[in-house]
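Subject: A structure to look through

Dear colleague,

I am passing on a structure for you to read alongside the notes below.

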Amino acid sequence: MAYAYWKSGKIDDHAVFDLFFRTSPFQGEFTIFAGLEECLKFLDSFHYSDTDIEYLKHALPQGIEDEFFEYLGQLTAKDVTLYAIEEGSVVFPRVPLIKVAGPLIIVQLLETTLLTLVNYASLMATNAARYRMVAGKHIHLLEFGLRRAQGPDGGLSASKYSYIGEQNVKLLMEEDRKKLCDVIPACETFVWPNRYVAP
């Protein structure tokens, strides 16, 4: 799609898209919006490295002009504006969570990653909020995301989004605790998985 926009001279056309969801997870009535911080970090650091460009040259069909790859190598999200609801807010289906505005080619390239960052984060935060509602405010909930997640980043992000979703106790390994110590309170690691501790 990006090549088609470039080839037809539409790279400077302005576009706006809304990021929203159609139904709440777990057959629920609401969702906790999360993932905004990661979206902002992604926008701030978006670019194609030389390695990325070399990969694209081999992955895309032959005959694509070198100028297109040079254009991609210079592409950043500096001309993109993002508007969003506050992270941690209760949100509802079909209500825009994020509005992204900027050059057509770049907002199209950003769309899938932004959806991924928000979908996973909001799912985790909503699940944690549902546990909190069932447990009540006086029961300590323990989150074992680091033990079950796919990779270290998956575990850390699961812990973070569970916290956003109102769980009040996090289990972090000592080395991971340092990464989130300003954000999430931690307690010692328990041996028994899925253990709930009453006050």
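Where is Phe26 found? Phe26 sits in the loop between E1 and strand E2 (31-32), where helices (H or I, at least four residues) and strands (E, at least two) are DSSP runs numbered from the N terminus.

Before going further, please note that this is a predicted model, in which local features need pLDDT of at least 70 and side-chain atom pairs count only at pLDDT 80 or more, while totals for chains, interfaces and linings use all residues. Residues are numbered from 1 along each chain as its sequence is written, and side-chain values use heavy atoms, with hydrogens and water left out.

**Confidence and overall make-up**

The chain has a mean pLDDT of 81, and 78% of its residues reach 70 or more; pLDDT is the predictor's confidence in each residue, from 0 to 100. Over residues 168-177 the pLDDT is below 50, although this stretch has 40 contacts in the model beyond near neighbours in sequence, a contact being heavy atoms within 4.5 Å. Residues 186-199 also have pLDDT below 50, and that stretch has 38 contacts beyond near neighbours in sequence.

The secondary structure comes to 8 helices and 8 strands. Of the 199 residues in the chain, 41% are buried, where buried means under 20% relative accessible area, exposed means over 50%, and partly exposed is in between (1.4 Å probe, protein chains only). Among contacts between residues at least 6 apart in sequence, 73% join residues at least 24 apart.

**Two residues with positive phi**

Phe26 has a phi near 65 degrees, a positive value in a residue other than glycine, and with a relative accessible area of 37% Phe26 is partly exposed. Arg94, in the loop between E4 and E5, likewise has a positive phi near 65 degrees, and its relative accessibility of 57% makes Arg94 exposed. As background, most residues other than glycine have a negative phi.

**The nonpolar cores**

A nonpolar core is a set of buried Ala, Val, Leu, Ile, Met, Phe, Trp, Tyr and Cys residues joined through side-chain atoms within 4.5 Å. The largest one holds 36 residues, and those touching the most other members are Leu72, Val80, Leu97, Ile98, Val100, Leu110 and Leu114. At least two residues of this core come from each of H1, strand E1 (14-19), helix H2 (36-45), helix H3 (50-59), helix H4 (66-74), strand E5 (98-103) and helix H5 (104-135). H5 gives the largest share, 7 residues. There is also a second, separate core of 10 residues, which includes Ile32, Ala121, Tyr161 and Ile164. In soluble globular proteins, nonpolar side chains tend to be buried together.

Leaving out residues up to four places away in sequence, Ile98 touches several residues, among them Phe17, Leu19, Leu82 and Val118. Strand E1 has a covered face, made of Ala15, Phe17 and Leu19, and an uncovered one, made of His14, Val16 and Asp18. E1 pairs with E5 in the antiparallel sense over 6 bridges (two strands pair if DSSP finds at least two bridges between them), and Ala15 stands opposite Gly102 in E5.

**Aromatic rings**

Rings of Phe, Tyr and Trp (its six-membered ring) pair if their centres lie within 6.5 Å, and planes under 30 degrees apart count as stacked, over 60 as edge-to-face and the rest as tilted. By this rule the count comes to 6 aromatic pairs. The rings of Tyr3 and Trp6 have centres 5.9 Å apart and planes at 25 degrees, so this pair is stacked. Tyr3 and Trp6 are separated by about one helical turn, because they are 3 residues apart in helix H1 (residues 2-7). Tyr3, Trp6, Phe68 and Phe69 form one aromatic cluster, and Tyr3, at 25% relative accessibility, is partly exposed.

Gln108 has its place in helix H5 and is partly exposed, with a relative accessible area of 25%. The C-alpha atoms of Gln108 and Met1 are separated by 8.2 Å, although these residues are 107 residues apart along the chain. Not counting residues up to four places away in sequence, Gln108 touches Met1 and Tyr5.

With best wishes
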